[in-house]
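Keep the 3D view open while you read.

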Amino acid sequence: MISLRTCRKTMWRSIVWTTKSWYAISMKNGVNIDPGRRRFLKQLGVLTLAATFWTACKQTARRWVARFSGAPATLGHRLWVRDFPAVTREEQVRFLIIGGGISGLTTAMALDKKGIQDFLLLDMDEQPGGNSRSGSNEHTAFPLGAHYLPIPNREDEALIQFLRYHGIVEKLDEQGNPVYQERALCAAPQARLYIRGKWQEGLIPQYGVTAENHAQIQSFFQKMEDFKARRGADGKYLFDIPLRKCSDDASFQELDQLSMAEWMQQQGFSAPELLEHVRYCCLDDYGVGLEQVSAWAGIHYFAARKSHQDNVLTWPEGNGYLANLLAGHLKGRGRTQHLAYEVTPGASEVEVKVFDEAKNESVLIRAEKVVLATPQYVNKYLLPKANIQPEAFHYAPWLVATLVLREMPAGSGLPLCWDNVIHGAKGLGYINAQHQSYALQHAKQVITYYCAFDGPDALTLRRELYTRDEAYWQEFVLFDLRQAHPNINNWLESMTIQRWGHGMISPVKGFLSGSALRTARESMHPRIILAHTDLAGMSLFEEAFHQGISAADKCHDLH
Ligand SMILES: Cc1cc2nc3c(=O)[nH]c(=O)nc-3n(C[C@H](O)[C@H](O)[C@H](O)COP(=O)(O)OP(=O)(O)OC[C@H]3O[C@@H](n4cnc5c(N)ncnc54)[C@H](O)[C@@H]3O)c2cc1C
């Protein structure tokens with residue numbers, strides 16, 4: 001990275017050099033110029049040159065302002081190398097929760113609510129929250145991963161109770177519908193789509209769409225409304241959240257065996273704008289596009305949420321806000337930079353070896369029960385003898401970039417919204433991190449760009465994500481955004497890039513109804529309780545939350 005300071009130094013050297021050289025050349029050529037005029041011309045020439053160089057320097061400096069955020073992935077990678085120091089200390093706790101993402105934090109919150117005090121939560125990162133962690137700069141907080149929670153279904157009592165406890169649900173109205181805190185509801189204008197050179201309102205393509213394609217879009221959404229209400233032979237909704245509430249009607253199997261692309265084709269949906277919109281939605285929730293995602297999961301995106309309130313709950317730090325509320329229940333019973341690396345269940349207790357990164361020491365923790373709130377690819381290393389098949393789990397890599405801009409470049413059509421999507425772009429557009437702020441003016445504009453890397457070979461995509469440098473990813477992000485903001489380079493001051501190698505579990509075709517997921521959900525040992533969105537098959541806040549609630553119930557049952 002070339003810093004502005006280096007540029008300034010180089011410019012100064014260049015001015016001195018240019019002055020000397022110009023003088024030397026004019027003397028050598030015997031040019032006879034009046035000394036006063038000559039001095040003036042000399043200064044003019046030098047200043048012009050310096051100004052050009054300075055502009056070039058500024059552009060260069062602006063071109064190289066990205067940095068990777070968070071701790072390097074090396075601590076997690078030590079699980080493979082297993083180069084930990086020998087255990088020097090022992091500890092005892094009743095319940096040990098490994099993993100401080102939403103699933104683990106919810107387990108802790110629910111234990112706390114049950115009055116169970118004797119537990120400890122460990123996370124390998126510097127901050128709890130997992131994929132829902134957040135960051136901040138001098139201008140605002142911003143999400144590093146998950147950024148919103150759609151309005152929950154009113155039947156989701158546990159989640160609504162949690163939101164109510166923290167004031168996000170203020171009360172229930174006469175019909176029993178939650179009334180949400182105004183500052184948590186995404187303020188208008190919520191979303192815009194850049195299509196055919198213009199920002200239109202809302203994400204469903206309208207601008208320049210032919211009447212025929214428009215009719216297809218309407219027919220698609222009518223079908224989704226029908227799916228919302230449809231129930232299986234067992235009386236349960238076909239599509240619901242959490243997933244375990246869904247009907248296991250035969251149509252579940254059938255739809256899961258198809259890809260969303262195949263289903264769309266079968267239904268005669270071919271309008272390019274519709275296909276692109278559905279691709280965007282699947283990437284947004286599952287990290288994979290139409291060709292890979294199961295049709296059941298694709299429809300779930302549109303049909304599982306029953307609220308008529310078409311809005312989301314969001315904060316400047318995204319779901320980091322919710323993660324922090326959950327972490328408040330730890331009350332000193334959480335430790336970060338603690339990597340669990342070996343779990344040995346026994347007849348009367350579980351032994352867990354943990355590496356404390358800050359102290360560079362290994363500790364043995366004995367627990368009555370262990371909650372593994374960790375993904376399957378990690379569990380494989382923790383319990384090498386267990387029947388865990390992480391290769392059957394598709395994890396989508398993600399890149400999230402937070403850009404500080406001197407100003408938001410203007411464009412044709414609707415002005416900046418919370419969610420800003422570019423039709424047909426590689427990424428999923430960007431969120432305005434300051435949208436929920438009450439400040440009337442901001443010194444700088446902060447936006448968060450998202451990109452999920454879809455493709456069958458996630459390993460290669462993941463490798464690329466980690467091996468390419470900051471400059472490469474900065475240009476990647478700017479290239480994508482230039483489609484809607486051609487001069488965005490000129491406005492960029494800094495960029496923070498968060499890489500999620502195993503961003504989220506993807507419900508690819510056949511996965512939700514397949515044997516690998518079924519096996520993973522089975523109890524591997526009476527003293528080990530599993531809680532992670534991997535086991536839901538979809539990486540959503542609600543799923544993580546319910547993984548945690550049921551893990552705490554299991555601890556309680558066994559208590
Ligand atoms: C870019 C991105 C955007 C997203 N956007 C949204 C969104 O807007 N809304 C939404 O609902 N969902 C979103 N998600 C999904 C989000 O991942 C889930 O909502 C949820 O946060 C998953 O929580 P979890 O606890 O199941 O898993 P994780 O977040 O994976 O948590 C696992 C935790 O375990 C820790 N850990 C792993 N191994 C060890 C070990 N050996 N020892 C100790 N600790 C360990 C990790 O550090 C991590 O904190 C997004 C995901 C990504 C990647």
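Strand E18 (residues 430-432) and strand E19 (residues 445-452) run antiparallel, and three bridges join them. Asparagine 432 has isoleucine 447 in E19 as its bridge partner. The model shown here is predicted.

Strands of a sheet pair through backbone hydrogen bonds, either parallel or antiparallel. Now widen the view. How many strands form the open sheet, and in what order? There are eight, in the order E1-E20-E16-E19-E18-E17-E9-E10, and the pairing is mixed. Strand E1 (66-68) and strand E10 (198-201) stand at the edges; each has a single partner strand, so one side of each lacks a neighbour in the sheet. On average, neighbouring strands of this sheet are turned by 25° against each other, direction ignored.

Next, a helix pair. Two packed helices are described by the angle between their axes and the distance between the axes. Helix H6 (residues 211-229) and helix H10 (residues 295-303) have axes that come within 9 Å and cross at roughly 85°. That makes H6 roughly perpendicular to H10. Which residues meet there? From H6 come Phe220, Phe221, Met224, Phe227 and Lys228; from H10 come Ile299, Phe302 and Ala303. By class, this contact of H6 with H10 has seven nonpolar residues, no polar ones and one charged residue.

Notes
Residues numbered from 1 in each chain as written. Predicted model: local features only at pLDDT ≥ 70, side-chain atom pairs only at ≥ 80, totals over all residues. Heavy atoms only, no water. Pairing = 2+ DSSP bridges. Helix = DSSP H or I, 4+ residues; strand = E, 2+ residues; numbered from the N terminus. Axes fitted to C-alpha atoms, helices over the stretch in contact; angles between N-to-C directions. Parallel < 35°, antiparallel > 145°, perpendicular 65-115°, else oblique. Contact = heavy atoms within 4.5 Å. Nonpolar A, V, L, I, M, F, W, Y, C, P; charged D, E, K, R; others polar.
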